[in-house]
Amino acid sequence: MAKSLLLVDDSATMRKIILRTLRMAGLDIDNFEEAGDGNEALEKLNAQPADIMLCDINMPGMGGLELVKKVREMDSCNDTKIVMISTESSDDLIESVMADGANGYVTKPFTPESIQKALSPLM
């Protein structure tokens with residue numbers, strides 16, 4: 001079943017790379033939205049909750065860690081699955097964001113296989 005996806009990253013180039021990687025991984029995404037930071041992501045989620053949110057951690061304004069906490073406070077996003085995609089790879093950070101409500105974590109650089117491995121169980 002096709003899913004809706006919100007991709008949150010401050011780099012437009014990285015968003016294009018992630019989208020291309022999702023297509024290469026063969027994931028069934030039928031509705032795709034982009035946001036450049038956490039504030040824009042919240043606006044989009046308030047207008048239309050997404051099935052899956054892929055989110056960077058380091059962004060200007062509201063970063064990914066704060067965004068995860070705010071999304072988990074939104075009743076309309078109870079079913080939204082959150083997967084973090086970041087260059088940050090410390091075990092403490094990953095454990096912290098997973099405890100705050102993320103459902104998966106992918107470290108940059110990533111491959112279509114690593115994206116597929118993180119997202120397939122959530123689809």
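Biologist: Across which strands does α1 lie, and at what angle to β1 does α1 run?

Modeller: In this predicted model, α1 lies across β1 (3-8), β2, β3 and β4. The angle to β1 is about 150°.

Biologist: Why are α1 and α5 called roughly perpendicular to each other?

Modeller: Helix α1 (residues 12-24) and helix α5 (residues 112-119) pack at an angle of about 75°. The range 65 to 115 degrees counts as roughly perpendicular, and the pair is therefore given that label. Their axes are 9 Å apart.

Biologist: What makes β2 and β5 edge strands?

Modeller: The open sheet has five strands in the order β2-β1-β3-β4-β5, with parallel pairing. β2 (29-35) and β5 (104-107) each have a single partner strand, so one side of each is without a neighbour in the sheet. From one strand to the next, the twist averages 20°.

Biologist: How do you know that β3 and β4 pair?

Modeller: Pairing needs at least two bridges, and four bridges join β3 to strand β4 (residues 81-86). The two strands therefore count as paired, and they run parallel. Within this pair, M53 stands opposite I82 in β4.

Biologist: Where is D56, and what does UniProt place there?

Modeller: D56 is in the loop between β3 (52-55) and α3 (64-72). An unreviewed UniProt entry places the feature "modified residue: 4-aspartylphosphate" at D56.

Biologist: Is D56 buried or exposed, and why?

Modeller: The relative accessibility of D56 is 6%. Buried means under 20%, so D56 counts as buried.

Biologist: Which residues is D56 in contact with, leaving aside its neighbours within four places in sequence?

Modeller: D56 is in contact with V8, D9, D10, G64, M84, I85, S86 and K108.

Biologist: What does UniProt list for residues 4-123?

Modeller: The unreviewed entry lists "domain: Response regulatory" for residues 4-123. Over that stretch the chain is 41% helix and 22% strand. The end C-alpha atoms of the stretch are 10 Å apart.

Terms used: Residues numbered from 1 in each chain as written. Predicted model: local features only at pLDDT ≥ 70, side-chain atom pairs only at ≥ 80, totals over all residues. Heavy atoms only, no water. Axes fitted to C-alpha atoms, helices over the stretch in contact; angles between N-to-C directions. Parallel < 35°, antiparallel > 145°, perpendicular 65-115°, else oblique. UniProt positions renumbered as here; feature names shortened; annotations may be inferred. Buried < 20%, exposed > 50% of the residue type's maximum accessible area, 1.4 Å probe, protein only. Contact = heavy atoms within 4.5 Å.
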